[in-house]
Amino acid sequence: ASDVYKRQIKEIDCCAWDSIPEEVLLSSQPVVLRGLVADWPIVAAANQSTEQTIAYLKKFDSGRPLTAMEGGADIDGRIFYNDNFDGFNFDYHRMTLAQVFEKLVEYQRIDKPPMIYVGSTNIDNWLPGFRDENDLVLGERSPLASLWIGNRSRVAPHYDFPTNIACSVAGRRRFTLFPPEQLHNMYVGPIDRSPAGQPISLVDLADPDYQRFPKFEQALQASQAADLEPGDAILIPSMWWHHVEAMDSLNVLVNYWWRSTPSFMGPPLSVLQHAILGLRDLPEDQRAVWKDLFDYYVFNPSEENVAHIPESVRGALNPITEQTAQQIRGLLLEQFKH
């Protein structure tokens, strides 16, 4: 029933893996790139059969153990918390890619199989050589390329700080996206313990409980959705919430993450956690003062604010460089020791 709310994500089908327009890569809105990687060899293998897909991936398998998530058939592929929220509804297991493939083939013969899911696995480490035949050209960017493999699964709505191009190379995937400003309607779970690494929405998109989560209906009204076939890709801008459903008995996704700022600047989520530790429970009048300080130094900084300080001694008030970032980290580490 919730599908009636979702608008289709804007689509383009006029670019190739080696010539993605810069305006697409800089887009602040999601974009579906139909057929972007349709001529990758892995997609050709996936269009033949499960066996061909697995055989192709095995050519590059380093044999190194990786981490897989395994959950019972009762979770219906939903990667989530357990009933008490003190753990998850799946277990982590170390295994090789070959063992993952064995289970995927076995589970194809079962009507309601258990879930197995390998997420965010570095391609260059686990499948060396794969990107020589299957890759995107992203200009000066240095993306992190990752592999995702599993059977049917549902990943709860979450956001990522980096921009993301996700390429569906085997199986079909359904993406449902929500703009960042829908935060207040997403019913976000704990920020320090999450099955996806990032905070997730507690709403089950397959069966939204509007009694418990009434504002989520507003989020759905602002949502956008798209189904990806093998060879299709989607650009998900930084901080957009996205729910990802893998819909077949074998699904393989390749994604590229990059950030628009240098990695030495660190993850903003860590700043949020630090702010909760140091600021959130202050008296209201003190919080108001710190809110003004953050606005002055962080959200609306200006040259006028620091013009009276000699540039050579402005320290963290100067534009952040790698050296400045290291100095700030060192200072924070010292402070956290006490």
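A salt bridge here is a side-chain nitrogen of Lys or Arg within 4 Å of a carboxyl oxygen of Asp or Glu. Keep that in mind for this model.

The model is predicted: local features need pLDDT of at least 70, side-chain atom pairs count only at pLDDT 80 or more, and totals for chains, interfaces and linings use all residues. Residues are numbered from 1 along each chain as its sequence is written, and side-chain values use heavy atoms, with hydrogens and water left out.

Searching the whole structure turns up 13 salt bridges. Let's start with a network. Salt bridges link Asp76, Arg78, Arg154 and Asp204.

Now one pair from it. Arg154 and Asp204 form a salt bridge, with their closest N and O atoms 2.6 Å apart. Arg154 sits in strand β9, residues 153-158. Asp204 sits in the loop between β11 (173-178) and α7 (216-221), so the pair ties together parts 50 residues apart in sequence. Helices (H or I, at least four residues) and strands (E, at least two) are DSSP runs, numbered from the N terminus.

Buried or exposed? Asp204 is buried, at 18% relative accessible area. Arg154 is buried too, at 10%. The cut-offs: buried is under 20% relative accessible area, exposed is over 50%, and partly exposed is in between, with a 1.4 Å probe and protein chains only.

Next, Arg314 and Glu303. Their side chains meet in a salt bridge at 3.4 Å, N to O. Glu303 is in helix α10, and Arg314 is in the loop between α10 (303-306) and α11 (322-336). They are 11 residues apart. Arg314 counts as buried, with 12% relative accessibility.

Last pair. Asp124 meets Arg131 in a salt bridge, 2.9 Å from N to O. Asp124 is partly exposed, at 43%.
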